[in-house]
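The sequence and the structure are shown first.

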Amino acid sequence: MNRMKTQARDILLDTPILPVLIVFFIWSVVFVPNFATAYNIKNYFLQASDLLVVACGLTFVVLNGGIDFSVTATLTLGSVMGAYIMAMSPVAGNPVVSIPLAILTMMGIGLVVGLINGFAVAKLKIPSFIATMATNLVFSGLAVLLCMNLTGKSSISGISKEFFILGGSGNYFFVPIAISGVCCLFCHWLLRSTKFGRDVYSIGINNVCAEVSGVKVKKVTVSIMVLSGLFAAVEGILLTARNEAGVASLGDKMFLAVIACVIVGGTSTSGGFGGIKQTLYGVLFITLLNNTMNLLQVEWNLLMLFQGVLILIATLVGIKVKQSRRLNVLGGKK
């Protein structure tokens, strides 16, 4: 009996959102009209895949004790540039060339933004809050400026139809879901089975002790920011394909949902505790909340209110969990 209580306690400490997710899902199936239809379930997993890719990258940053506000600007700028290559560049008429070039360009943008953020945080010692807020403003503004100068509108259409498969067009709805699943598994493996993952946790717990013990804190911090930028770029590819256009406002209103997935899932905002499993549960919960509220025709403002309250509660729970774990490590009370 004591062993079962201990296991249950450990599950609640590791994934406090899991029992809430299970109960909420059962309630949705029983009481929310049209929730359990095949069409809605497909949309539910597509919506979850959108959040999961960005949230996986952001999890590394939060575990490191930081934040990355620039993820939405990264995917937006990538969307505009990728759409330009496929619709307006000299290679636009050749999808065999334009699609790979667009994807490489979008990934390159993620890499560059990640390197800039990493350099600002690790080398210049600028807090990640300020550094990524600045790059978010710069690159989101650049995306709008480029889009307006190229088309006079806030979007670039006419991209290659073959590219739409990546967004789940027609019978290919499973493609973005599979891609997000691969990203999730890769990140989980990276955190749990590699030295890099152990370094991420150690820096999040105490970066001074980590550096003294031989962890290359600056190098790991830059790598984390690069990962966040790359996964944001991947999501930019998927969303551009889903929207069948490059959109200068593609990442608007997305960041709150993404950070909610990470924090509500159970990853500590002060770093060191949590992981991809927690983020996955957070994604499933936040997507479920958004989906059911839309089916019940709840106003967007109320949905934002719910998400804000959830983030506050999850942050407070995360602080208590971190304190509890430290007591356990020091031999304190169970």
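Helix α6 (residues 128–151) has 24 residues, which at 1.5 Å a residue should span 34 Å, and its end C-alpha atoms do lie 34 Å apart, in agreement. The expected span is taken as 1.5 Å times one less than the number of residues. Helices (H or I, at least four residues) and strands (E, at least two) are DSSP runs, numbered from the N terminus. The model is predicted: local features need pLDDT of at least 70 and side-chain atom pairs count only at pLDDT 80 or more, whereas totals for chains, interfaces and linings use all residues. Residues are numbered from 1 along each chain as its sequence is written, and side-chain values use heavy atoms, with hydrogens and water left out.

The buried residues of α6 are S128, A131, T132, T135, N136, F139, A143 and C147. Here buried means under 20% relative accessible area, exposed means over 50%, and partly exposed lies in between (1.4 Å probe, protein chains only). An α-helix has 3.6 residues a turn, so residues three or four places apart point the same way. The buried residues of α6 pack against α4 (71–87), α5 (95–123), β1 (155–156) and α10 (217–243), where contact means heavy atoms within 4.5 Å. Just after α6, G152 adopts a positive phi of about 75 degrees.

Two helix pairs illustrate the packing. Axes are lines fitted to C-alpha atoms, for helices over the stretch in contact, and angles run from 0 to 180 degrees between N-to-C directions.

Helix α3 (residues 38–63) packs on helix α12 (residues 276–295) at an angle of about 140 degrees, with the axes 8 Å apart. That angle makes α3 oblique to α12; angles under 35 degrees count as roughly parallel, over 145 as roughly antiparallel, 65 to 115 as roughly perpendicular and the rest as oblique. On the α3 side the contact includes N40, Y44, Q47 and A48, and on the α12 side it includes I276, T279, L280 and T287. By class, the residues of this contact comprise 14 nonpolar, 6 polar and no charged. Ala, Val, Leu, Ile, Met, Phe, Trp, Tyr, Cys and Pro count as nonpolar, Asp, Glu, Lys and Arg as charged, and the others, Gly among them, as polar.

Within α12, T287 is buried, with a relative accessible area of 1%. Leaving aside residues up to four places away in sequence, T287 touches Y44, Q47, A48 and L51.

Helix α8 (residues 195–205) meets α10 at an angle of about 105 degrees, with axes 10 Å apart. This makes α8 roughly perpendicular to α10. F196, D199, V200 and I203 of α8 contact V217, V220, S223, I224 and L227 of α10. The contact of α8 with α10 has 7 nonpolar, 1 polar and 1 charged residues.

V208 lies in helix α9 (residues 207–212) and counts as exposed at 54% relative accessibility. V208 and I276 are separated by 68 residues in sequence and by 24 Å in space, C-alpha to C-alpha.

Most residues other than glycine have a negative phi.
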